[in-house]
Amino acid sequence: MNSRGGLEEMKALILKLEEKRMLDREEFVRLIGWRAARLGRAAGSPGEQEGSPVGSPLPDPAVAGKSTGGAAQNDAGKSTGGAAQNVAGKVTGEAARDVAGNVTGGAAQNVAGKVTGEAAGNFAGESTGQVAQKAVGNAAGGADGEGEALDAFLFDRADRVRKAIYGNKVYIRGLIEFTNYCRNNCYYCGIRRGNGRASRYRLTEEEILACCRSGYELGFRTFVLQGGEDPYHTDDRVVKLVAAIRAEFPDCAITLSIGEKSRESYQRFYDAGADRYLLRHETADDAHYRRLHPPELSLENRRRCLWDLKEIGYQVGCGFMVGSPWQTVGCLAQDLMFIGELEPHMVGIGPFIPHRDTPFAQCEGGTAEMTLFLLGVCRLMLPEVLLPATTALGTALADGREQGIKAGANVVMPNLSPGNVRKKYLLYDNKICTGDEAAESLQSLREHMAGIGYEVAVDRGDHKKYI
Ligand code: 5AD
């Protein structure tokens, strides 16, 4: 287990990262691989290498066909601990049957078909059976506590770095999920075009303004307008909406999260009063990107969008899912290299969580442990970054929000959408939308944050370079 470096060597890498704010790609591979290999997998697992899986490969069609039996049973078997527990419970019973039907058709076939080709090559020897076994190991937790020891070291460094810049402040953003119509068909996402079971909605401008008003009363000074790429929301409509919010709430930040647009469109939104833009890159590895998205989407265009946004003057957020299907240690190292290059102001990191009506329904979810580790790493790379403890993390782990903050995150994004649509913005199964992630529970959020030594801030919470 220690053949590729022990705990002390990893701590030294973390100190180097803190000092230089960057590591070589090989060093990232060693660090991430070391941690991934200690998610409780058997000793000698290949987790420390570049090509070692962090996410599960999709079952091939033959396996998928059996998913009411084997796969579901394996998943159920995981439910003894941690993140796996929450994610696992979902894939059993009726959901699994629904999913089995889906996996035989359309996009699923395209995706599944790939498993036998190139992807399978990358995961040499990695049968779905072995993946399931590893998952059982994951649920059992680290065997020797070394992984947890490194976490404690990393989170302590990350916490100090954050406190030196932002103190113990946690910034809040009111999230308004204003449309779940989407023209895209990303294989992982519950509101993908191809999901005929999604119950679609879009809010009117007046409804969105009403969300802002109640949010403002509650104390929010940032509104995040997030939605699918909804053709109804033309540039003109978005401009009109942004201008209306800007006029009524001059002291608030407006964040857009509405996908890939032309540079001209981004410029128009900015001129209308938008300050920030969230657009996760999802994965910085081109081959991996193509396994998560249909051919009409490209990493190249995603990167172009992010650079355009930055040049225009937005505070920009990129980000990625942890444990998405086919993700390897090398993919995550690539994500960190990209983040080092882009130097975004915000980074959204959350575990992949399968959605029952997508081609990835049968895939294993990412772990909260790996997500927390990457939050800590990200804080050390970009000390001033605004880093949310995401809803997906809160979904994968009951106290995920708090743990995320302790690992280096400093933002939470409670949901300001009207209650009747919250359940419809379902990117993944069992997404939480009541409790502290609900905007109206701000007092409870404040108490939870105070309980771990942090204070919910009342200001806009701009990036240090924008104050
Ligand atoms: N699990 C976790 N995160 C997801 N997202 C979309 N689908 C899923 C899923 N199944 C994330 C993507 C996207 C953001 C809005 O939500 O990273 O950028």
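Is the crossing of α11 and α12 left-handed or right-handed? The crossing of these two helices is right-handed, where right-handed means that the near helix is turned clockwise from the far one by less than a right angle, and left-handed means anticlockwise.

## About the model

What you have here is a predicted model, in which local features need pLDDT of at least 70 and side-chain atom pairs count only at pLDDT 80 or more, while totals for chains, interfaces and linings use all residues. Residues are numbered from 1 along each chain as its sequence is written.

Helices (H or I, at least four residues) and strands (E, at least two) are DSSP runs, numbered from the N terminus. Axes are lines fitted to C-alpha atoms, for helices over the stretch in contact, with angles from 0 to 180 degrees between N-to-C directions.

## Helix pair α11 and α12

Back to the opening pair: helix α11 covers residues 205–218 and helix α12 covers residues 235–248. Their axes come within 11 Å and cross at roughly 35°.

On the α11 side, E205, I208, L209 and C212 meet L241, A244, I245 and E248 of α12; contact here asks for C-beta atoms, placed from the backbone, within 7 Å. These residues divide into six nonpolar, no polar and two charged. In this scheme Ala, Val, Leu, Ile, Met, Phe, Trp, Tyr, Cys and Pro count as nonpolar, Asp, Glu, Lys and Arg as charged, and the others, Gly among them, as polar.

## Helix pair α1 and α10

Helix α1 (residues 7–20) and helix α10 (residues 146–166) have axes that come within 10 Å and cross at roughly 20°. That makes α1 roughly parallel to α10; angles under 35 degrees count as roughly parallel, over 145 as roughly antiparallel, 65 to 115 as roughly perpendicular and the rest as oblique. The crossing of α1 and α10 is right-handed.

From α1, the contact takes in L7, M10, K11, I14 and E18, and from α10 it takes in E146, A149, L150, F153, L154, R157 and V161. By class, the residues of this contact are eight nonpolar, no polar and four charged.

## Helix pair α2 and α16

For helix α2 (residues 25–36) and helix α16 (residues 329–342), the axes come within 9 Å and cross at roughly 130°. That makes α2 oblique to α16, and their crossing is right-handed.

R25, F28, V29, I32, G33 and A36 of α2 make the contact with V329, G330, L332, A333, L336 and M337 of α16. Nine of the contact residues are nonpolar, two polar and one charged.

Strand β6 (residues 315–322) runs parallel to β7 and is joined to it by six bridges, with V322 opposite P351 in β7.

Strand β1 (residues 169–172) pairs with β9 over two bridges, and the bridge partner of K169 in β9 is E455.

Terms used. Contact = placed C-beta atoms within 7 Å. Pairing = 2+ DSSP bridges.
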